[in-house]
Each structure stands twice: as structure tokens, then as C-alpha cells.
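Reader: I am new to this structure. Could you walk me through a sheet and a helix in it?

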Amino acid sequence: MAARWGLRGKSVATLLLACLLSLIPAVLLGWKAIDDIRRHFANAYAENYTLLHMQRILAPVSRELALAQRFANSLVLREWLANEEDADNQARFFAEAEGFRQDFADRSYFVIVDASGDYYYTDDDNADSRTPRYRLDVTQPNDAWYFQLRRTNEPYNLNVDLDRGLNVTKVWLNVLVRDGDTLLGLAGTGFELDDFLNAFLRDEAEGLTPMIVDRQGALQAHPSLDRIALGSGIGGGEVDGERTIHALLGNDEQRSELTRAMQAARQAPETIQTLWGTLEAREGLISVGYIAELDWYLVTALDIGVAQILDRRWLWPLLFAGALILGFLLTIIAVATERLILAPLTRFKQSAQAIAAGHYDSPLPTARHDEIGELSQAFSHMADQVQRHTRELEAKVRERTQALERTNAEMAATQKQLGDSIDYASFIQRAILPDRQLDLHLEHHHGVLWKPRDTVGGDFYLFRADAGGYLFGVVDCAGHGVPGSLMTMLARAILDHAILKAGCQDPAAILAETDSQSRELLGAEQLPASIATHMDAGLAWVDLATRQITFAGAKIGLYASDGETLTHLAGDKRPLGHKRRIEYRNQSVDLRPGWTYSLCTDGLLDQAGGSDGFGFGNTRFEALFMAQAQRPLQAQMEAFEQALRDYQGDLPQRDDITLLNFRFTEQDHPPGSESTPPLPAPAGAASQEKS
């Protein structure tokens, strides 16, 4: 009972855990949704804030600008600027200007007489003064702003600058005074910079930083005075790069995005452009609006980590209430699942386990009239079917097992017959190999490596002793295994006939006769196209009297080396029996004492191996042949076999392999002569020729 309740408790806990785990994606999605909502509200908040501040700035500045333009267009002002020394004009101007001064928000105005450079400034502190404050000098850097401004074609200009003559910093509204095309001077008013910032930029909105920049990005207004690029609104001079909006951004990509946003806002002044970026090392939302009348941009940086976009006071109670509701629902689900599903399934599982163990008489809970009851009834019916089929299958298995045993016995007998036949074929094939003749005539002057890919193969080697010398040869017939071995028997008979007809001393004639005979016996028109009957062959006649080797080959060459020098006589490029006939040729080379001569089929050269699975190759064979050329011939064969085994590794043998090496000394004589028997090879090699 305790185990059963423990199992149920574990199932309930698993269910609750699964429910909780399934809620993780929901929580993540919910958090993502809240973040998206937060960003959406942040974007709307920043746009509305920017639009509102644009209107807050535009309305008073536009009013002051309009009033300054009326002031600059006054007929009395133009008459006085045209003749500064005229007392009557001066009196009438200052009388009229006092009315304008009372209307200006800053209760101040300024006038510059272009002809003299006199600078007049009037405010509450010197309302009755009619003398200029100072005179502009083109050579003074502090007065350069005016001379830059007078060269522009703009009717007015807004500039944030420190007037060092007055020692005041203002947002200056500069209006050029002209009489037709003649420049008379400059007039206007201004806002105290600190008052301007307090009125329009310094508010209590947490996380918001409004800024005003010109078309070059120079900061005209910023909550921090240190950031403002004073005098940059005049143009014509270089702006301090540290006092631009671009210098506050995090990287070049964000600077490029801000430039595009400013261009878009300029083209559509009624819209607000937004982008995400890092401004003054704080990531947030940047909004850009363009005030066309003032040629200013209002840039607002919103730090959403600080700004109260969403009221968190209602967020935590909502999350707490959601957690309580979720816990209550999970409890109800767990209790209902245990009573309606887990408990009946536990009883059903016990009955199913009994049936699985072979106890088909175990009762199933089929009394329920719900889905579990229907499942129990179906399972009970299935158990009866399984029991019946099990009996039938056991009978069939016994019957099939007996049949398989009989078949396996027959296959084993057949396989043994095939193995015996192949072993017998191997014995027959070995009988045509001239091992006894080689041992009888050459003793330790030869070495052979013969490795069929299968038990029998398509490679063989031949040897004939004739008056005056010896004939060596290797032959590679098309095919492997039993077909290849049958081809060797036929090829050996054809070669024997060709040697009798052409003689041992002319290898090229032997190859030509063999090619002719094989075409007669194995005509291409009599065989399917898929069956190959060609042969590679290499024959070398060793004339001991003249100390010459005559060689002819069909795709097989003759190698010779003394360990330091390598000679290679390449065979002709067509095999015997090829559809295109060629004339095989004899090649001659001196028979040098102590040199090793070698004939090799392509099975060794084409054997795959190494780290990349490439063939053994001519280069590797020639290097090994030269390294072994002075060693005893039996030791050479062992070295070649070991090198081939190491290179091949775990890869299978691809082709039959035949390697025939031989060597002669000064004391060797033609067979059948009355001279003394052949002597061992020169010192260092002869003493170990025979293993």
C-alpha cells in the first residue's frame, strides 16, 4: 500500500513539475510581451514629449523672432542706421525702440551699425543709455561672429553665444537689417541662456534629456552648460567635436543612424524619428524632431531603465494574484488527476504487468464505464489474442528452427565442398609456378613475392633456362579468384606455345605470338562485352655470355638498381589482347654484377593505404627498391611484404600481387656450360642470399 501511494505521489509530483516547467516559456513570453509593451509606450511617450517640447520652444521663440523681425524692419531704425550721427533720427529710433523693448520677453535689444561697427545694447539696467557699449573690430577674434554672419544670405539667425563685451550668454535672435541690397546692420534680442534652459529643457521628467542641435549637430541647448557649442550657430567656423550630439553616441553605426534620422525629420517636419542607441553611456530611445521655422532639431533621449513608463505599483500585486490563482489551479488538477487517472492506471498497470509476465488469467479492471474501462476491455481482448497467437507462434518457431538447422547443415556441407575445390584449384595453380626450376638453376639468385587477392588469383610468374641464359617473366591476367586462376592456366599454355615458336631470346616476339594466339582463342566477338581477357606481361632474357638483358613488356616494366642508381625500362602501353594492336619492342640493358633486377605487376603499385587511402605508387616502390637493392634477395622480399603490410593497414587487398627479383655475379655462367657452378654474390650480399 505504501509503495502504491508512493508511486502515485511521485506521479502527482511529476505532473506538477511538468506543469511548472511548461509555465517557463509562458513566463518568458509574458515578460517579453511586457517588455514590448514597455518599449511601445516608451516610443509613444518619447514622441509625444518631443512634439510637446517642440511646441513649447517654437511658440515663444517664434513670437520673439517675429517681434525681432518687425523691430529690424522698422523704417525709423533703417533711417538711423543709414545716418548714425543724425541726432533727430537717433532720438526717434530710441523712442520707438523702447516700445519694442517692453514687448521683448528679455526686455532687451541690441543694434549693430554696419558702417561704424558700433554695438548698442539696451536692457532694464541701462534703458536711458544712448551710447554704444563697444565697437566691433574685424581683427578681434571675439567679434568674428558678426563678420561671418554679415556674409550669409540668411535673413535671420539663432545663435547661442557668450558676448564677451557684455559678459552675458544668451540665445541670440539676430536679424539682418537691409535697405534693398545694402546691409545697414544687425538688430535683435535674446533669451538669457540659463532662463531658456530652465524654461524649456530642465524639467522634472525622470529619465528624459532634451537637447537642441543645429543642422551640423552642434549642441545649441543642453541641460548641462558644459555641453553647449557656443557660437556654433553663426556657421563658417569649425565646431568642437566634443560639443556635438554625435560625440555623445556610443559608436559610428549609431552616429550614422542619427544622421539619417535628422535628414528624415528635416524632409518631413511633421513626423518624429526614433532610434535605439547609447547616449552618454546610457542605452535608451532617441527621438528627433525638426523645427523648420528655427532650423533647429529637438533631440530627446529617454532612458527606459529610469523613466517611469509603466506604473509598477499595480504590476507586483497583479503578479502575486496570478501566482495564487495558478497554485490553486495546479492543486485542483493534481487531485483530480490522481483520483480519475493515476489510481485506475496503477491498477491497470498491475494487471498488464501480470499479463506481460505470461499470466494471462490475471483479471483486468473492466467494470468502469469510462475511457479507462473501455481500454481495459480492449486490452483484455488483446491479451486473449496474444495468448492464442503465442501458442501458434511457438509451434511455428519450432518448425522453422528445425528447417533452419537442416538448411545450415546443407550450407555448411556446400561451403566445405567449395573450400575444398578452391584449395584444390590453388594446388593446381601453384603447380604451374616455376619454383623448383628457380631453385634448381638459380638457388639464392632470385626472390619471389606472390600474393593472390583470394586463395587463387590471376597473377603468375614464369622461368625458363635455355642455352646461354635465362628467361624471367611475370603475367597479370584480367580477373581475380577462380576466373583469374583459369585465365592463368590458359595464359601459361599460350606462353609456352609462343616460347617454343619464337624462342627464349626474343621477348618481343614471344609477346607478339602470345597476343596473336590469345586473339584466336578468345575472340572478342565470342565473349560478352563485360568479360575482360587482356593480360599485362613483362619478359626479360638474361644472356650471361654477352652480359646483356633483353626486355619487352606489355604495361609492365623492368627495374634495376645497385642501391645508388635506378634504371627503369618501361613496357609498352597496350596489354596483350587489347582491341588495338601494337608492335611490341625489345629493349636492352647491361647485366651488371651485384645489381638487383625486378619485375612487378600493378597489384603492389595500386594497393590502397596510408592516411589518405591512396595507392602505394611508383615513387614509394622505387625508393624502397633502391633501399633494398644490396640486401639478400630473400630479405628484400620480407622487407617488401612488411612495407606493404604497414602501408595497407586495415584496408583490404585490391588486386593480386607478384614481385620477381633476380641478381647475377661475375662468376655466373650460362646453363649447361661445363664451368663451375655459380658462385655467391659479392661480399656484403652473397653470404646472406639464401635464408
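Predicted model: local features only at pLDDT ≥ 70, side-chain atom pairs only at ≥ 80, totals over all residues.

Reader: In what order do the strands of the open sheet stand?
Author: Residues are numbered from 1 along each chain as its sequence is written, and side-chain values use heavy atoms, without hydrogens and water. Strands are DSSP runs of E with at least two residues, numbered from the N terminus, and two of them pair if DSSP finds at least two bridges between them. Here 5 strands pair antiparallel, in the order S13-S14-S15-S16-S19.

Reader: Which strands stand at the edges?
Author: An edge strand here has a single partner strand, so one side of it is left without a neighbour in the sheet. That is the case for S13 (459-466) and S19 (587-590).

Reader: How many bridges join S13 to S14?
Author: The two strands run antiparallel, with S14 covering residues 469-477. Asp466 stands opposite Gly469 in S14. The number of bridges joining S13 to S14 is 8.

Reader: Which residue caps the N-terminal end of H3?
Author: Helices are DSSP runs of H or I with at least four residues, and H3 spans residues 87-103. At its N-terminal end, a side-chain oxygen lies 2.9 Å from the backbone nitrogen of Asp88. A polar contact is a pair of N or O atoms within 3.5 Å; within protein, one must be able to donate a hydrogen and the other to accept it, and residues adjacent in sequence count only if both atoms are side-chain atoms. The capping residue is Asp86.

Methods. Expected span 1.5 Å × (residues − 1).
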